[in-house]
Amino acid sequence: IGRIGFALEPLANRLAELLRERASLHADETPVQQLDPGKGKTQRAYLWAYRSNDLDGGPPLVVFDYQTSRSGKHVASFLAGWNGTLMVDDYSGYKALFAAGLKEQACWAHARRKFFELDHGTPNGHPVAAELLGRIARLYEIEAQARESTQADRKAVRVEHAMVELQQLHERLSQIRQKAAPGYGLAKACDYLLRRWESFARYAETGELPIDNNPVENAIRPIALGKKNWLFAGSERAGKRAAAIQSLLATAKLNEIEPTTWLKSTLEKLPTCLNSRIDELLPLKR
């Protein structure tokens with residue numbers, strides 16, 4: 001497996017180069033365990049995930065970057081020289097990137113989750129949270145109507161319908177926040193939206209930005225489930241090679257390419273493939 005990971009690293013690096021050519025990306029991270037032989041136990045590392053935006057029209061890509069910490073310096077290093085819109089959660093590790101000029105986009109699924117937890121965590125439900133969930137649901141209904149549209153048509157639908165819903169939602173959130181007790185669930189859920197409102201509303205001004213970060217969370221889910229079986233990476237080097245393998249196989253699945261067939265064929269072709277023709281080996285729709 002180590003030899004396979006080493007052989008595939010040039011392909012994974014090329015995949016990362018192609019990913020950074022996109023104008024907007026999803027990003028997220030998940031903890032993994034790394035063996036610490038000197039102490040006879042494991043230490044925490046992180047697998048950072050970067051996913052292409054399905055609305056930009058190119059073949060879907062996902063790249064995993066294995067690092068030994070959750071420090072924002074890792075995402076800054078991976079995205080060095082990139083200038084676009086990044087869809088992320090509210091983790092502080094991303095903030096330096098936005099201060100340096102990247103455009104921040106916030107995830108409506110995360111915002112919805114806070115009101116959902118408030119509504120379902122309250123006996124007999126929470127009427128205000130339920131109302132706000134209904135307003136967010138209308139934003140998703142508008143997205144569903146425009147899902148198969150061109151970027152131009154999607155933008156027109158969003159400007160005509162979503163922008164109105166967003167304005168009304170912002171007004172309602174502001175009203176609720178004025179009356180909500182500081183520090184409690186409803187106030188915190190409202191603050192989460194109001195504090196980053198520009199980032200939440202940014203998608204509706206365009207036809208190409210996504211509404212939420214679900215694509216990258218879906219890409220991470222197999223890792224979150226799989227690590228219950230493989231438990232830990234044997235070393236930092238092993239983690240990086242595993243990330244290379246996972247990047248290529250996950251991208252193959254996104255492109256509806258059978259991973260095992262692709263892997264066998266690629267390992268046979270790789271030793272004689274010229275660097276100038278490496279793109280031909282990538283698991284992408286042609």
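User: Is Arg196 buried or exposed?
Analyst: The model is a predicted one. A residue is called buried when its relative accessible area is under 20%. Arg196 has 5% relative accessibility, so Arg196 counts as buried.

User: Which residue forms a salt bridge with Arg196?
Analyst: Side chains of opposite charge can pair when their charged atoms come close. For Arg196, the closest N and O atoms of the pair are 2.7 Å apart, and the cut-off for a salt bridge is 4 Å. The partner is Glu104.

User: How many residues apart in sequence are the parts that Arg196 and Glu104 tie together?
Analyst: Arg196 sits in the loop between α7 (185-195) and α8 (197-201), while Glu104 belongs to strand β5 (residues 103-106). Glu104 is buried too, at a relative accessible area of 13%. The pair therefore ties together parts of the chain whose separation in sequence is 92 residues.

User: Which residues are linked with Glu104 and Arg196 in a network of salt bridges?
Analyst: A search of the whole structure gives 19 salt bridges. Some of the charged residues are linked in a network that includes Glu104 and Arg196.

User: In which helix do Arg135 and Glu131 both lie?
Analyst: Arg135 and Glu131 form a salt bridge, with N to O at 3.1 Å. Arg135 is buried at 17% relative accessibility, whereas Glu131 is partly exposed at 27%. The two are four residues apart, about one turn of the helix, and that helix is α5 (residues 127-145).

User: Which helices does the salt bridge of Asp191 and Arg177 link?
Analyst: The side chains of Asp191 and Arg177 meet with N to O at 2.7 Å. The two residues are 14 apart in the chain. Asp191 is partly exposed at 27% relative accessible area, and Arg177 is partly exposed at 21%. Asp191 lies in helix α7 and Arg177 in helix α6 (residues 151-179), so the linked helices are α7 and α6.

User: What is the radius of gyration of the protein chain?
Analyst: The chain has eleven helices and five strands. For 286 residues the globule rule gives 19 Å, and the value for this chain is close to that, so the chain is as compact as a globular protein of that length. The radius of gyration is 21 Å.

User: What percentage of the residues in the protein chain is buried?
Analyst: The protein chain exposes about 14700 Å², of which carbon and sulfur atoms supply 52%. Burial is counted over the 286 residues of the chain. The buried share is 48%.

How values were computed: Residues numbered from 1 in each chain as written. Predicted model: local features only at pLDDT ≥ 70, side-chain atom pairs only at ≥ 80, totals over all residues. Heavy atoms only, no water. Buried < 20%, exposed > 50% of the residue type's maximum accessible area, 1.4 Å probe, protein only. Rg over C-alpha atoms; globule rule 2.2 N^0.38 Å. Areas by Shrake-Rupley, 256 points an atom, 1.4 Å probe, with all protein chains shown as cover.
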